[in-house]
Amino acid sequence: MRISRIYNNNVALTRDSYGQEAVVIGRGLAFGKRKGDLIDPHKVEQTFIPEHDISAERLSWSLSEIPPEILAIASELE
């Protein structure tokens, strides 16, 4: 996965080799990275693939605003 946009050190919008966008979350996965860099798959804790009615940009912005601790708790409750 290559970075399309960085929202903070822990959230990035990516695009795979098939052109599909996904939002990835993980502690420090985007730290020191730039657009076009590859993401280390070992740092990815969660991957979100937007459905057709939600844009990946909007989803990634929303997820970047949620503290990681809250997101982790919400994921456990699924």
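1. Let's start with Thr-14 and its neighbours. Leaving aside residues up to four places away in sequence, Thr-14 touches Met-1, Arg-2, Ile-3, Ser-4, Gln-20, Glu-21, Ala-22, Val-24 and Ile-39; contact here means heavy atoms within 4.5 Å. Thr-14 sits in strand β2 and is buried, with a relative accessible area of 0%. Buried means under 20% relative accessible area, exposed over 50%, and partly exposed in between (1.4 Å probe, protein chains only). Strands (E, at least two residues) and helices (H or I, at least four) are DSSP runs, numbered from the N terminus.

2. A word on what you are looking at. This is a predicted model, where local features need pLDDT of at least 70 and side-chain atom pairs count only at pLDDT 80 or more, while totals for chains, interfaces and linings use all residues. Residues are numbered from 1 along each chain as its sequence is written, and side-chain values use heavy atoms, with hydrogens and water left out.

3. Next, the charged pair. The structure holds one salt bridge, meaning a side-chain nitrogen of Lys or Arg within 4 Å of a carboxyl oxygen of Asp or Glu. Arg-15 forms a salt bridge with Glu-21, and the closest N and O atoms are 2.8 Å apart. Arg-15 is partly exposed at 37% relative accessible area, and Glu-21 also counts as partly exposed, at 24%.

4. Finally, have a look at Ser-17. Ser-17 belongs to the loop between β2 (11-15) and β3 (21-25), and is exposed, with a relative accessible area of 71%. Ser-17 and Arg-2 are 15 residues apart along the chain, and their C-alpha atoms are separated by 8.3 Å.
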